[in-house]
Amino acid sequence: MWKNFPLLPPSASTMAVQIDAVWWFLVALTVVMTVLIFAAVLTFVVMFRKKNDGRVATQIEGSTQLEILWSVIPLIIVMGLFFWGTAVYVQMMRPPKNVMDFYLVGKQWMWKVQHPTGQREINALHIPVNQAIRLTQTSEDVIHSFFIPAFRTKKDAVPGRYTQQWFEANEVGTFHIFCAEYCGTKHSQMIGEVTVMTQEDYEIWLSGAVAGESPEDAGKKLFEGMRCASCHPIDSAVKLIDGVAARGPLLAGIYGTEVALKNGGKVVVDDTYIRESIVRPLAKVVAGFEPVMPTYEGQLSEEQIIQIAAYIKSLKGAEAPSDGAKK
Amino acid sequence: MTSSMSHPPNSQGTVRVEPDGPQAQSTYLNNGYGWKSWLFTVDHKRIAILYLVSISFFFAVGGAFATMMRLELATPQGDVLQSDSYNKLFTMHGLVMIFFFLVPSIPAVLGNFLLPIMIGCKDLAFPKINLLSWYIYVIGGTMTLYVALTGGVDTGWTFYTPYSSTYANTAVVPMALGVFITGFSSILTGLNFIVTVHKMRAPGLTWFKLPLFIWAQYATSLIMVLGTPVLATTILLVGLERLFHIGIFDPTIGGDPVLFQHLFWFYSHPAVYIMILPGMGVISEIIACFTKKRVFGYSFIAFSTLAIAVLGFLVWGHHLFVSGQSAFAGIVFSVISMFVAVPSAVKIFNWTATLYKGTIEVTTPMLYALGFIGLFTIGGLTGLFLAIMSVDVHLTDTYFVVAHFHYVMVGGMLMAYLGGLHFWWPKMFGRMYPEFAAKFAAVIIFVGFNLTFFPQFLLGYMGMPRRYHAYPEEFQVLNILSSAGASILAVGYIIPVFYLVWSLKWGEKAGPNPWGAKGLEWTTQSPPTTHNFDRIPVVTEEAYAYGHEPTITVGPGDDNPNPHYKGSTHV
């Protein structure tokens with residue numbers, strides 16, 4: 001647990017620097033004021049502690065000059081802070097002209113994103129670096145809040161109306177997405193990752209494949225990129241995902257086996273069933289699981305579905321040695 | 001039906017024999033012993049004791065919920081509790097602590113006990129309404145416990161719509177009803193205090209001779225009377241929406257979910273001042289007594305109290321900076337929120353200045369008061385972070401808010417409540433508590449508190465959202481620190497239960513004024529008689545007239561030798 005112990009969040013957007021400047025000024029103000037007050041209190045307590053020397057307290061009614069002084073100085077400081085903080089906020093409200101429009105829908109408990117070029121993602125967001133992105137967002141059910149700490153940005157997704165936020169990532173990397181507005185049972189699993197890529201990588205990502213990649217490798221990348229593993233375990237040793245029972249069936253070793261269905265029937269897991277489960281997931285739900293999987297129709301090309309099926313086919317069952325067990 | 005008001009002193013059939021004298025002192029405590037003498041009492045002091053027992057019970061319940069949450073959060077995985085259980089725990093923790101502990105704590109216990117005595121009258125203006133307020137509180141509390149025991153509620157204490165009105169599958173309506181009912185208890189207490197302060201001050205006790213504790217209670221009562229009905233309306237609307245789908249908050253039938261947030265925070269932001277202002281009043285009393293000095297800048301503290309109460313009604317929108325509220329509205333709410341810093345800072349500076357050239361005794365109440373100054377300073381300054389929109393966007397709904405809120409409410413308000421409870425304990429029960437044990441507990445609480453909540457500021461800045469049952473692994477170290485602090489804090493809260501109960505029987509006798517304090521409550525015996533004073537006092541001196549021999553003349557017949565006496569120097 002000590003390996004990964006940051007005390008500061010990553011800073012990966014153009015606005016983060018300006019917001020952090022206000023933050024650090026406030027931290028300094030808080031530290032200075034707290035130290036001054038503590039020091040004054042301690043000094044007075046030590047200096048004026050009651051001793052048996054017959055000294056009596058000096059009665060002081062007050063001092064209008066001091067009162068004015070310590071009202072006006074804080075007032076000036078907080079007004080300065082207000083103008084500075086608001087100036088930064090106004091920039092946060094105004095995206096640059098070349099902004100790319102993404103669309104975001106929150107629902108219990110997932111984030112659905114659509115790229116300007118039509119690609120869709122769930123609980124993941126792939127964006128190019130050094131490019132302003134504007135999210136126009138809403139919710140299908142309750143209020144959610146799309147929060148990327150590394151970008152210092154957050155906006156509620158409110159049912160029945162659109163809200164917007166924009167950001168420009170200036171560092172390549174992978175960062176947390178959180179839902180910040182309490183939204184029910186799996187609020188803490190309504191999380192994902194934003195992947196900031198170079199412009200070239202983003203183009204490749206958009207085209208959906210890397211030249212010369214095997215279908216299994218391409219499928220593995222898609223599987224990870226679409227965050228399928230946030231519901232489907234791929235290792236029989238993994239019983240929990242993010243601390244709760246997996247929402248979808250274990251996929252390791254499932255290919256070629258016969259599974260019982262919720263409606264009482266049975267089906268052999270082959271390419272056809274995998275494709276159907278991706279495109280029309282509610283058609284044949286495996287027994288013991290709730291029909292919660294969203295459709296990926298339109299989000300994956302037929303080639304990509306073939307690649308994912310190839311990857312699932314390659315996953316070995318329980319008898320295979322596994323290094324994931326140490327989790 | 002017995003009425004404890006109608007008995008003259010020493011007319012009771014039962015006389016408790018005190019070990020140190022055959023003449024039993026008549027007090028409000030030995031004026032009747034049966035359960036009826038308590039449950040049907042109209043004596044403000046006995047009602048205060050009823051409240052003391054009730055809110056202590058609810059504090060223990062809320063604390064137990066918090067303990068389970070901190071246990072869960074010791075590991076990143078959600079492994080101790082199910083998500084649903086965790087969500088119910090933080091909801092119930094918030095509801096119980098806010099509506100059944102923090103809001104009633106100082107007003108209903110210390111205020112009820114002290115307000116009539118400090119202004120020199122026999123009881124509150126409406127003693128029966130005062131008892132009614134306790135019964136209403138108990139009914140609301142019973143409903144809450146019923147909900148807790150039969151499955152709980154998982155909306156968060158904020159009841160945000162449309163989750164609460166449409167989507168939650170838990171006992172939202174019974175819980176809302178519990179809060180709704182309890183609100184009337186607040187309203188009645190506030191009403192009672194306002195009328196009492198206006199109409200029943202002792203002869204000579206003008207507004208600017210009132211102790212600052214009374215000013216704080218008065219300002220708090222105004223907020224309770226003006227704000228609580230809005231909460232009641234809002235909760236009623238959520239209930240109606242849930243039961244009859246009338247379309248106030250649910251956007252699918254034409255409602256506006258954000259409207260709920262406006263209505264809710266219109267009460268609930270002033271409500272945090274309901275919670276903190278009485279604490280500030282307590283701190284002024286304690287500091288004056290243990291420096292043996294007038295409070296520096298009395299009228300500035302009094303007016304800053306009113307300023308906070310008024311400004312508190314104009315800042316609710318700072319809870320909505322990321323909710324889609326217009327940027328312009330946000331800017332207005334931001335600037336008004338920043339103004340609150342000024343009266344808050346004025347108070348801190350005045351208390352600190354009061355220490356200067358005093359004769360300072362570091363007693364247990366004083367330890368709590370000094371702790372309050374430090375922790376409230378941090379709590380208040382971190383409020384600035386959240387009032388500035390650009391920084392709030394990052395911090396809102398993270399653990400930073402949780403930490404800020406607890407620094408004000410636990411570090412501020414709870415420290416003040418414990419300080420006040422220790423300060424007036426000898427008055428309430430006529431016995432001293434053991435000083436060493438009390439100081440030890442105060443230090444444990446201070447340390448445990450900071451260890452619990454300071455790491456949460458860092459967690460919030462790193463982006464850990466609040467109300468998360470499971471969290472990414474990089475947040476674990478700070479969460480473990482916080483959970484460890486919580487266990488220390490729990491020990492700190494349990495110790496006083498033992499020595500305070502012990503002191504009721506074995507504590508040293510306190511006498512009327514063990515601290516050498518000024519104020520009418522210290523001129524009467526400890527514990528006071530049912531009617532507080534043998535004769536209604538006549539007040540001729542300012543509040544906190546330390547440094548001079550007592551000049552309070554008791555009895556209407558006495559001539560006041562120096563009615564315009566002012567006992568102080570001016571710098």
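Reply: Start with contacts along the chain. In this predicted model, take the contacts in chain A between residues at least 6 apart in sequence: 64% of them join residues at least 24 apart. Buried residues account for 35% of the chain's 327 residues.

The secondary structure of chain A consists of 6 helices and 14 strands. Its radius of gyration is 28 Å, well over the 20 Å from the globule rule for 327 residues, so chain A is more spread out than a compact globule. The C-alpha trace spans about 95 × 55 × 40 Å along its principal axes.

Now the sheet. It is open and has 5 strands, ordered S3-S2-S1-S5-S8 in chain A, with mixed pairing. Strands S3 (120-122) and S8 (163-168) of chain A are at the edges. Each has a single partner strand, so one side of each lacks a neighbour in the sheet. On average, neighbouring strands are turned by 25 degrees against each other, direction ignored.

Look at one pair inside it. Strand S1 (residues 100-107) and strand S2 (residues 110-114) of chain A run antiparallel, joined by 5 bridges. A:Tyr103 sits opposite A:Gln114 in S2(A). Strands of a sheet pair through backbone hydrogen bonds, either parallel or antiparallel.

Last, the contact between chains. Chain A gives 80 residues and chain B gives 85. Elements giving two or more residues to chain A's side include helix H1 (14-47), helix H2 (64-93) and strand S6 (144-148) of chain A. H2(A) supplies the largest share, 15 residues. By class, the side of chain A that touches chain B has 46 nonpolar, 20 polar and 14 charged residues.

Conventions
Residues are numbered from 1 along each chain as its sequence is written. Chains are lettered from A and ligands numbered from 1 in the order in which they are written. This is a predicted model: local features need pLDDT of at least 70, side-chain atom pairs count only at pLDDT 80 or more; totals for chains, interfaces and linings use all residues. Helices (H or I, at least four residues) and strands (E, at least two) are DSSP runs, numbered from the N terminus. The radius of gyration is taken over C-alpha atoms; the globule rule is 2.2 Å times the number of residues to the power 0.38. A residue is buried if 20 or more other C-beta atoms lie within 10 Å of its own, exposed if 12 or fewer, and partly exposed in between; C-beta atoms are placed from the backbone. Two residues are in contact if their C-beta atoms, placed from the backbone, lie within 7 Å. Ala, Val, Leu, Ile, Met, Phe, Trp, Tyr, Cys and Pro count as nonpolar, Asp, Glu, Lys and Arg as charged, and the others, Gly among them, as polar. Two strands pair if DSSP finds at least two bridges between them. Axes are lines fitted to C-alpha atoms, for helices over the stretch in contact, and angles run from 0 to 180 degrees between N-to-C directions.
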